[in-house]
Amino acid sequence: MAVKTIWPIDHACGHHADRDLSDRPADRRAGFAEWLARQECTDC
Ligand SMILES: [Zn+2]
């Protein structure tokens, strides 16, 4: 199974974005993706 680095994020603003979290430690990605989902996206 390939290491998951692209995470689909549903942002608080309602937008959806696939974020490349490959620069994050593998064990932090799930928590970071959760945090990202509570933020507005980079376009907002
Ligand atoms: Zn947005």
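The views show a predicted model, in which local features need pLDDT of at least 70 and side-chain atom pairs count only at pLDDT 80 or more, while totals for chains, interfaces and linings use all residues. Residues are numbered from 1 along each chain as its sequence is written, and side-chain values use heavy atoms, with hydrogens and water left out.

View 1. Cys 13 lies in the loop between β1 (6-10) and β2 (16-20), and Cys 44 in the segment after α1 (29-37), so the pair ties together parts that are 31 residues apart in sequence. Helices (H or I, at least four residues) and strands (E, at least two) are DSSP runs, numbered from the N terminus.

**View 2. The hairpin of β1 and β2.** The strands pair in the antiparallel sense over 5 bridges; pairing requires at least two DSSP bridges. Ile 9 has Ala 17 in β2 as its bridge partner. Between the strands lie 5 residues, and Gly 14 in the turn has a positive phi of about 100°.

**View 3. The largest nonpolar core.** Trp 7, Ile 9, Leu 21, Phe 32, Ala 33 and Leu 36 form this core, a set of buried (under 20% relative accessible area, 1.4 Å probe, protein chains only) Ala, Val, Leu, Ile, Met, Phe, Trp, Tyr and Cys residues joined through side-chain atoms within 4.5 Å. The most residues, 3, come from α1.

Notes. Buried < 20%, exposed > 50% of the residue type's maximum accessible area, 1.4 Å probe, protein only.
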